[in-house]
Amino acid sequence: MNDSVNVFDISLPATVQWVEPTTTIIANELLDECALPPGARVLDVGTGTGPLAEGAAQRGYRVNAIDTAPILTTYVTGRLAPFPGSTAELMDVTAMTYPDDAFDAAFSVFTVMYLRDAVPAALAELRRVVRPGGTVAIVHWAQSSMSPIMRVLFESAEPPLDVPVDYVDAHELAAAVTRAGFLDDASSCPRPTISSPRRTTSSGSSPRSTSSCRRSVR
Ligand SMILES: C[S@@+](CC[C@H](N)C(=O)[O-])C[C@H]1O[C@@H](n2cnc3c(N)ncnc32)[C@H](O)[C@@H]1O
């Protein structure tokens with residue numbers, strides 16, 4: 001029997017209260033920088049509590065938000081209810097049921113980075129479902145060694161939480177994105193303008209987190 005629990009089953013209210021204020025800032029900055037046209041078809045993978053999904057819907061985009069945690073897709077379904085054409089669904093980013101070229105843009109805010117061996121599969125799927133010339137924007141923490149507090153928090157939990165504290169680091173992920181066939185478009189990369197957590201592009205020094213926008217080149 002697996003005694004671990006999904007962190008969101010016990011911490012949804014805490015996530016909304018303590019984590020979301022930060023992720024909302026990041027999500028909105030990313031959406032502003034990507035400056036998609038009105039009505040754009042947007043995919044949010046690993047939507048969590050849905051800060052990016054709701055921000056995108058508020059901008060008039062048509063949003064599909066996916067996550068593998070039912071408690072979260074239920075929560076985000078409620079959040080997107082005021083926005084016709086936007087939905088949240090239970091789906092794995094490595095095996096999406098959307099047709100090819102279904103979206104103008106896809107966003108991953110602190111999601112793909114946690115998938116370890118499945119990172120290439122997730123990137124291949126993102127490339128498949130985003131139309132040629134579309135945008136894939138990824139936000140991820142840099143090296144885990146730069147965030148020891150994460151280890152302390154997660155490894156001291158009782159019962160153990162099934163959230164991995166190890167993740168693909170910024171440089172590895174950037175290389176995987178390139179291998180997946182995306183073309184880097186530096187002009188669309190978000191610039192760091194917030195102080196906590198500090199954010200920079202992948203070429204910056206000593207990042208706490210990093211983000212990048214890539215355009216598909218199929
Ligand atoms: C660290 S949370 C980030 C949530 C949200 N993007 C945010 O910024 O607040 C990562 C999310 O990815 C989801 N997730 C994990 N593996 C996934 C997969 N294979 N496909 C889709 N979502 C996944 C988790 O359930 C979780 O909600």
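The model is predicted, so local features are reported only at pLDDT of at least 70 and side-chain atom pairs only at pLDDT 80 or more, while totals for chains, interfaces and linings use all residues. Residues are numbered from 1 along each chain as its sequence is written, and side-chain values use heavy atoms, with hydrogens and water left out.

Followed from the N terminus, the elements read α-β-α-β-α-β-β-α-β-α-α-β-β-β. Of the 218 residues, 51% are buried, a word that here stands for under 20% relative accessible area with a 1.4 Å probe and protein chains only.

Next, select the ligand and the 18 residues around it, of which Gly46, Asp67, Asp92, Val93 and Val109 come nearest; a residue belongs to this set if one of its heavy atoms lies within 4 Å of the ligand. The shell comprises 10 nonpolar, six polar and two charged residues, where Ala, Val, Leu, Ile, Met, Phe, Trp, Tyr, Cys and Pro count as nonpolar, Asp, Glu, Lys and Arg as charged, and the others, Gly among them, as polar. Taken alone the ligand exposes 600 Å², of which the protein buries 82%, with areas from the Shrake-Rupley method and a 1.4 Å probe.

Now select helix H3, residues 70–80, and colour Leu72, Thr73, Val76, Arg79 and Leu80, which are buried. Viewed down the axis of H3, its buried residues fall within an arc of 115°, so they line one face of the helix; the arc is taken from the directions from the helix axis to the C-beta atoms.

Move on to Ser86, in the loop between H3 and strand S3 (87–90). Ser86 is buried, with a relative accessible area of 8%, and a polar atom of its side chain lies 3.0 Å from the backbone nitrogen of Val63.

Finish at Tyr98 and Phe103, both of them buried. A search of the whole structure finds one aromatic pair: the rings of Tyr98 and Phe103 have centres 5.0 Å apart and planes at 90°, so the pair is edge-to-face, given that rings pair if their centres lie within 6.5 Å and that planes over 60 degrees apart count as edge-to-face, under 30 as stacked and the rest as tilted.

Terms used: Phe/Tyr/Trp six-rings, centres within 6.5 Å; stacked < 30°, edge-to-face > 60°. Buried < 20%, exposed > 50% of the residue type's maximum accessible area, 1.4 Å probe, protein only. Helix = DSSP H or I, 4+ residues; strand = E, 2+ residues; numbered from the N terminus. Polar contact = N/O pair within 3.5 Å; in protein donor to acceptor, adjacent residues only side chain to side chain.
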